[in-house]
Amino acid sequence: MRFASEFRDPKLAKGLLAAIERVVAEIGATADNPVRIMEICGGHTHAIFRYGLDKLTPPGLEFIHGPGCPVCVLPMARVDEAVKIAEREGVIFTTFGDAMRVPGTGKSLIQAKAEGAYVRMVYSPLDALELARRNPGREVVFFGLGFQTTTPSTALTILQAEAEGLGNFSVFCNHITVPPPIEALLDDPRMVLDGFLGPGHVSMVIGTRPYEFIARDYGKPIVVAGFEPLDLLQAVLMVLTQIRDGRAEVENQYARDVPEDGNPAALAACAEVYEPRPSFAWRGLGEIDLSGLRIREAYGAFDAERRFGIGYGAAHGEVPEPKGCACGEVMAGRIKPHQCPEFGKGCTPEVPLGALMVSSEGACAAYYRYGGLSLEPAE
Ligand code: SF4
């Protein structure tokens, strides 16, 4: 099973869909009282819509889109802080492309760039390190974003910068971690969730053990899933089968890439460089304890917050979402993207009002791209 086509086999997909339909019926779920499965990862949200799995699965199954798009959950206050750093004299601010258009309260990074700030798109933190080597007279800052999928590469880049003694490189660290928001959602009495699809890439780093509390303490099944259509259909069937059988376990559909204990080298690099923040703000979800990472004091020379005196909280606090934006409601799974009054009107991928329309992993961008305006609008 080495090639993508093997994970897109229509005959196998039909068999899995028939099994899903049967188990949904056995559970007794209907369109009015569906089984609600949250896919935590934005990559899964994208794949579900790209392959039309939401339309192929029976109406008794509802996908709830979780907070697994790191760009989407970045609070506006942190975008404002990034803009402040980028606008400093002598700074080259580097970032992944999708973060450039995330709206802050005043402007996005791309708007700051248009006004003269030196903002550069990079594909990896190592690109930023190379810029620092080539520009010794300038401060090169990397916008550290993402879950445990990207935390190791940022950590290893900081370790490399230290090994080279690069004094003009730092990271504006906004890395976040996956288990805490799941716990926050499970503790929210407004959320009704029957099971989870666990993130594939994050789990390659952290393994499957960190999810054990979901089954043990909350009695909900979780299945770590891959990203191809057959991966997702098989993982959905595994969750449904657990629900039907009254089980709640951590299972691993993506075992070809996800070891139970994760990646020890990546975990060691992260433990060396980062420590948990007491709490971190998530757009739409608010402050969540121990959900963000900051750079340890031992590596403080590479911490842009320390270097530029922009500590967490400098521009922080309750920053209201733009008027009409329902990103928080979508992020918490309370409404679907097309039920936001601004969907496809005041908010499109070309001119996004909210963060969920910016990144391709954002639920609104996925709805717009694959479901578009044919979906039933808000009342
Ligand atoms: S349509 Fe735009 S404003 Fe509405 S929830 Fe989605 S991203 Fe936010």
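I'll start with the domains, then turn to a sheet and its helices.

First, a caution: this is a predicted model. The domain assignment gives domain 1 as 4-67 + 188-252, domain 2 as 76-176 + 292-307, and domain 3 as 327-370.

Let's take domain 1 and domain 3. Their centres, taken over C-alpha atoms, are 22 Å apart. How many residues of domain 1 are in contact with domain 3? The count is 13, and they meet eleven residues of domain 3. On the domain 1 side, helix H2 (42-50) and strand S2 (61-68) each give two or more residues. H2 gives the most, with six residues. By type, that side of domain 1 has five nonpolar, six polar and two charged residues.

Now the sheet. Four strands form an open sheet, in the order S4-S3-S5-S6, and the pairing is parallel. Which strands stand at the edges? Strand S4 (119-121) and strand S6 (169-175) do. Each has a single partner strand, so one side of each is left without a neighbour in the sheet. From one strand to the next, the twist averages 25°.

Zoom in on S4 and its partner. Strand S3, residues 91-95, is joined to S4 by three bridges. Thr-95 has Met-121 in S4 as its bridge partner.

Last, the helices. Helix H4, residues 76-86, lies across S3, S4, strand S5 (139-146) and S6. H4 runs at about 140° to S3. Helix H7, residues 151-164, also packs on the sheet, where H7 touches S5 and S6. The direction of H7 makes about 160° with that of S6.

That's the tour. Over to you for comments.

Technical notes: Residues are numbered from 1 along each chain as its sequence is written. This is a predicted model: local features need pLDDT of at least 70, side-chain atom pairs count only at pLDDT 80 or more; totals for chains, interfaces and linings use all residues. Domain bounds come from an automatic or database domain assignment. Two residues are in contact if their C-beta atoms, placed from the backbone, lie within 7 Å. Ala, Val, Leu, Ile, Met, Phe, Trp, Tyr, Cys and Pro count as nonpolar, Asp, Glu, Lys and Arg as charged, and the others, Gly among them, as polar. Two strands pair if DSSP finds at least two bridges between them. Axes are lines fitted to C-alpha atoms, for helices over the stretch in contact, and angles run from 0 to 180 degrees between N-to-C directions.
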